[in-house]
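User: I've got a model open here. Can you walk me through the ring contacts and then the overall build?

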Amino acid sequence: MTTFVDRVVLHLQAGDGGHGCTSIHREKFKPFGGPDGGNGGHGGTVSLVVDPQVHTLLDFHFRPHVKAENGKGGSGSNRDGANGADLVLKVPNGTVVQTHDGEVLADLVGAGTTFEAARGGRGGRGNASLANSRRKVPGFAELGEPGDRLDVVLELKSVADVGLVGFPSAGKSSLISVISAAKPKIADYPFTTLVPNLGVVRVDNHTFTVADVPGLIPGAAMGKGLGLEFLRHVERCSVLVHVVDTATLEPGRDPLADIETIEAELAQYGGLADRPRLVALNKIDVPDGRDLAEIVRPDLEARGFRVFEISTATREGLKELTYAMAELVEQARAAAPPAEPTRIVIRPKAVDDAGFTIEAEPDGSFTVRGARPERWVLQTNFDNDEAVGYLADRLARLGVEEKLAKAGANPGDLVRIGDREFDWQPTVLAEFVPSVRGADVRLEERPTRLSAAERLAARKARRQRPADEVEAATQEADDDEDWE
């Protein structure tokens with residue numbers, strides 16, 4: 001038997017961008033070939049799309065970890081890496097995407113509706129793309145940007161026009177089976193229906209869908225029974241139908257009490273007070289059931305309910321009930337605002353927006369937040385001095401150093417950008433001076449170990465006697481000769 005799953009936690013991981021390539025063109029009889037490292041490919045994106053053929057979240061229940069393909073790294077001879085393949089996940093109509101905190105990210109209703117859940121990382125640029133008039137042969141390349149990693153909660157809320165609510169064994173499954181082509185499980189014990197069932201009903205020129213919600217009991221809105229798990233499926237219904245068992249033999253049960261209990265649970269769940277109600281008094285094929293239906297009908301009509309006496313066994317009264325459903329559904333559709341195409345909203349960046357902010361922390365450190373600085377740090381290879389110098393140039397041109405000084409940062413203060421920490425040393429932006437590939441003279445420090453040439457010069461200096469010592473020794477020798 002197929003398992004119905006309407007809530008899952010999905011662990012998404014978009015593809016990482018491929019690294020750029022550091023390469024110098026080398027060909028016989030062609031010196032000074034220049035940089036020819038290609039760019040890395042972009043990582044794959046994870047998207048959710050509504051597919052009418054999918055009715056449950058069962059696939060994600062067994063495979064909750066989803067990862068898109070990584071981008072390929074660049075190569076020499078200006079060959080760019082391949083982009084990672086995007087991953088498209090098919091979800092049922094009515095799926096709500098939200099965070100663990102309950103923040104709704106997307107409400108996917110309508111076939112083909114797409115939501116980009118996790119964006120793939122950008123590929124790093126190769127040294128051919130980083131070359132310019134001053135840095136003619138870069139000795140570094142950018143690293144690929146990591147893709148988005150996040151956890152989302154998928155909840156399925158059935159998209160139906162009419163919702164059938166009532167106590168267990170009230171006849172909801174039987175009703176949906178005789179007015180539509182749905183074939184739910186029907187048995188003579190409570191909680192036969194463990195999953196919502198959907199059926200399509202056609203009345204003349206009207207077509208609408210009916211949802212059979214599993215049985216509700218007192219305390220369902222607080223998590224008792226199955227009600228809390230499936231009350232979400234009536235949120236989208238335009239019409240609610242109370243299916244009441246008039247032939248029940250349980251003590252303390254009668255149609256009025258059943259309806260009051262269900263209404264109390266719907267009110268406690270919230271958001272359903274404006275939906276029109278119908279009451280279907282079921283099982284009038286039983287003599288006691290017909291008598292009880294005739295007794296409680298005036299009281300229900302006095303409370304404002306439209307009451308229909310039906311029998312799913314003999315199909316008595318079903319025509320009038322389905323016509324009433326169709327009438328209310330058409331009224332709800334007419335009152336709904338017309339569907340409008342999604343508008344593209346363009347929000348231009350403010351003139352004084354630098355693209356980053358600086359926050360002073362209580363411990364005396366400073367945190368730089370912004371999409372560009374954080375992305376630049378992720379794409380920097382900190383084992384390469386030239387790449388670090390290039391990052392420093394970009395941050396200085398962006399105005400990070402100037403704002404740090406205005407924020408009160410002093411030399412040696414701790415500065416965080418993304419997951420990296422730096423000891424800030426203010427510098428004046430100077431032009432890049434080409435040197436050995438992969439190095440930056442501005443970042444070079446005096447080595448503690450002397451070079452071979454320096455050690456040789458020091459050895460010669462130790463062996464060579466100073467001029468004053470030579471003169472003193474000569475004078476002493478002359479004095480000795482005069483004494484003799």
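**Rings and fold**

Analyst: Start with a charge over a ring. The charged end of Lys-403 lies over the Phe-356 ring, 5.2 Å from the ring centre. Keep in mind that this is a predicted model.

User: How many aromatic pairs are there?

Analyst: The count is two aromatic pairs. One of them is Phe-140 with Tyr-390, tilted, at 5.3 Å centre to centre and 45 degrees between the planes.

User: Where do Phe-140 and Tyr-390 sit?

Analyst: Phe-140 is in the loop between α2 (127–130) and β8 (149–156), and Tyr-390 is in helix α9 (residues 385–398). They are 250 residues apart, so the pair links distant parts of the chain.

User: Buried or exposed, those two?

Analyst: Phe-140 is buried at 4% relative accessible area. Tyr-390 is buried too, at 12%.

User: Switching topic. What's the secondary structure?

Analyst: The chain has 12 helices and 18 strands. Of its 484 residues, 42% are buried.

User: And what about the contacts between residues at least 6 apart?

Analyst: In that set, 71% join residues at least 24 apart in sequence.

User: How much accessible surface?

Analyst: About 27400 Å², with 51% belonging to carbon and sulfur atoms.

Terms used:
Residues are numbered from 1 along each chain as its sequence is written. This is a predicted model: local features need pLDDT of at least 70, side-chain atom pairs count only at pLDDT 80 or more; totals for chains, interfaces and linings use all residues. Side-chain values use heavy atoms; hydrogens and water are left out. Helices (H or I, at least four residues) and strands (E, at least two) are DSSP runs, numbered from the N terminus. Buried means under 20% relative accessible area, exposed over 50%, partly exposed in between (1.4 Å probe, protein chains only). Contact means heavy atoms within 4.5 Å. Accessible areas come from the Shrake-Rupley method with a 1.4 Å probe; for residues, only the protein chains shown count as cover. Rings of Phe, Tyr and Trp (its six-membered ring) pair if their centres lie within 6.5 Å; planes under 30 degrees apart count as stacked, over 60 as edge-to-face and the rest as tilted. A charge sits over a ring if NZ of Lys or CZ of Arg is within 6 Å of the ring centre and within 35 degrees of the ring normal.
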